Amino acid sequence: MFITYLRRELRHRRKQTAVVAAGLAVAIALVMVVSSVAAGVRDAQASVLESVYGVGTDVTVTQTAEPGADGGGPGRFDFGAQDGESSDDGATRELSQSQLGLARGTASFDAAALDTVAGVDHVTDAAATLTLESTSFSGEMPDPSQATDPGQAPTAGTGTADGADGGPDGAGGSSFQVDRFTVTGVDPAADAVGPLTTVEVADGRGLEAADSDAQVAVLDAQYAAQADLAVGDTVTVGDADLEVVGTVTSSSGEGVATSADVYVPLAVAQALADLDGQVTDVYVAVDSASNVDAVAAAVETALPDATVSTQSDLAGDVTGSLSTASSLVQKLGTALSVVVLLAAFGLAVLFTVSGVNRRTRELGTLKAIGWPRRRVVGQIAGESAVQGLLGGVAGIVLGGVAVLAINLAGITLSGSSGGGFTFGGPGAGGAPGGTDAAAQGAAAGPGGGGGPFGGAAEAAQQAVDVVLHAPVTPWVVAAAVGLALLGGLVAGVVGGSRAARLRPAEALRSLA
Amino acid sequence: MYQIEGLTKTYTQGKRTVHALQDVDLTIADGELVAIQGPTGGGKSTLLQMLGGLDRPTSGRVRLAGDDLAAMDDARLTRARADRIGFVFQHFNLIPTLTAQENVETALVPAGTPADERARRAQAALAQVGLAERAGHLPGELSGGQQQRVAIARALVKEPAVLLADEPTGNLDEATRDDIVGLLEGLWTQRGLTVVMVTHDSVVARRAQRRLRIAGGRVSEV
């Protein structure tokens, strides 16, 4: 009788059933889309973080440069009057100089921190790296000895010269380029955590334990292509020419750059940068997600000057369209979902109460002939719950189609991470740590607007592009059904309690 | 069947207090067919609601086969209505979305009667009121007289001790009225039911075994 009565009532009130179910369906679909997109954005953020910090990194330890201290970045290029080689006509001198140092805004700290971190409870792996920036200057400048007024000799990096004559253009101008790339010194033996966990060898080989003191380098494949370098060539890092033994690509996706342009053994990087016993980053893996915060706290206590970041802290540092999407989903999406859900619930309650009011005589009659209160309430609640379920099923279909459309649209989100880590490519490093790669790339280095710096375009490629994939998990479907059922039950309880309060005599009298 | 003592019912309508029943004492014997007449607002329907446990008196007792309906809690009162009292209403009060048979079956739901037995008994009850062939029709597909027959079948399918009818012919034409009254008389005779019937219609009332008049909340024999 329950099922028969319920089915007949819902069929009899098709329009009301359709409106309530449609309202709930829209709300459920919206919740599904927001949940799925939020999960997709979270996955994308994780992808970005993994591509930068490596798989399995739960905590990172860095140290931010003190204001006013030597916070890295390229220094001045100073040339003596007799430096370089004079051109055949004597008007210009060919000059080149290379510098290797900490990236701007970063600071190095004692590598003993690695042992300190490794000794903290629940830490399963730890690896230290030294992130550097190589900046090289090469080009032709007017020969100062040819200048009519020595006081007018161009200074390095201005990109222009006021000499009346001389220079490559014969009018006192200059032609030079500033090339920069990031260099990360890694421990070749520590492969469980750190930036090399998200790279795959594209050509040649990766760094091996035996390379700890070897003058070798592994290049990011994209950088290698831009710099026209291949396995067997040499790359100049600081004052040393290192043999390129391999190229690597990111395992995060095709076309995604790795976190550095050049990877060298840690000891080699320390020696070349004159930073023996110094590191810039420590990557930490923790045995359980529940212990991450405890480990972070313990490391902060052990290393009071360090900046300790967990994955959730780092997620906040992801910038770019990914950050915008995340913010949009979290704030607008959630608010919209709540509003629409409340509206749908309200609609369901309103229609149910209105239905109960219209059926006062009917429900009063059932009470008069002996239907217990719980049976009457159950009937109303059952009808509402089924309406909710119908809305839930329709919402899942609607939401599924919307999510499918989003996935088929192949929305690409661009994300990069800051927070004191530098991972920009060529041209990066103009701005202090904490800015995104594009901004870093856009910032010109010394030399102003003169030569072919090739900064912004290359740096933009360092931002990780991730195609948004919004997953529909069983949890999302269960939550959708649960919400729909909840909506139906809320309406049923409100409507049912109204029906329960009806005294049969009043119910019959009101319409008699 | 009923022993009523000092039955009083007052309620408020706005600022006005209405004395629907005032200190009513009444006894209705088993198997009696009683008609209650009186002016509109005289308390007829209120008395019927008290007899049926649809409402609670302000004071006094309504004993049904010795059990005081006024003293019962809601659950027991509901049980009493489900098992012992059948109702027939002026407006039939059928569930519009259920067929005639399903409407009759609703009276057996509170007792937890199995579905097949419910169907069998409902069909038998409909046959008894002459509507066996209309069992699958919705109320909207039946005439007023047929709807009231369905309502009577619903009231009797659970085999109650008492049948309370509130203006059972109030919405029917004369010919149909006579049919329905004849049906009620026949069932009363066959089953030995106690029937209490509120009516405006003197023709109907005259066919009762006993006639009561209620006016101003007070009951008197006619």
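**Entry 1: polar contacts and salt bridges**

I began with polar contacts between chain B and chain A and found nine residue pairs, both residues at pLDDT 80 or more. I took a polar contact as a pair of N or O atoms within 3.5 Å; within protein, one must be able to donate a hydrogen and the other to accept it, and residues adjacent in sequence count only if both atoms are side-chain atoms. I note that this is a predicted model, in which local features need pLDDT of at least 70 and side-chain atom pairs count only at pLDDT 80 or more, while totals for chains, interfaces and linings use all residues. Residues are numbered from 1 along each chain as its sequence is written, chains are lettered from A in the order in which they are written, and side-chain values use heavy atoms, with hydrogens and water left out.

I then looked up salt bridges (a side-chain nitrogen of Lys or Arg within 4 Å of a carboxyl oxygen of Asp or Glu). Chain B and chain A have two between them. One I noted joins the side chains of B:E102 and A:R8, at 2.4 Å from N to O.

**Entry 2: the side of chain B that touches chain A**

I found that helices α2 (74-84) and α3 (100-106) of chain B each supply at least two residues of this side. Helices here are DSSP runs of H or I, at least four residues, and strands are runs of E, at least two, numbered from the N terminus. The largest share, four residues, comes from α2(B). I sorted the residues of this side into 10 nonpolar, seven polar and nine charged.

**Entry 3: extent of the interface**

I counted 26 residues of chain B in contact (heavy atoms within 4.5 Å) with 24 residues of chain A. The buried area, the accessible area (1.4 Å probe) that two parts lose on being put together, summed over both, is about 2300 Å², and carbon and sulfur atoms give 59% of it. B:L54, B:T97 and B:V109 supply 22% of what chain B buries against chain A, more than any other three residues.

**Entry 4: aromatic pairs**

Why is the pair of A:F181 and A:Y223 tilted? The centres lie 5.3 Å apart and the planes stand at 40°. A:F181 sits in strand β6 (residues 175-186) and A:Y223 in helix α4 (residues 221-226) of chain A, 42 residues apart. Both A:F181 and A:Y223 are buried, that is, under 20% relative accessible area, where over 50% is exposed and in between partly exposed (1.4 Å probe, protein chains only).

B:F87 and B:F89 are stacked, 5.9 Å centre to centre with 5° between the planes. B:F87 is buried at 4% relative accessibility, and B:F89 is buried at 8%.

Notes: Ala, Val, Leu, Ile, Met, Phe, Trp, Tyr, Cys and Pro count as nonpolar, Asp, Glu, Lys and Arg as charged, and the others, Gly among them, as polar. Rings of Phe, Tyr and Trp (its six-membered ring) pair if their centres lie within 6.5 Å; planes under 30 degrees apart count as stacked, over 60 as edge-to-face and the rest as tilted.
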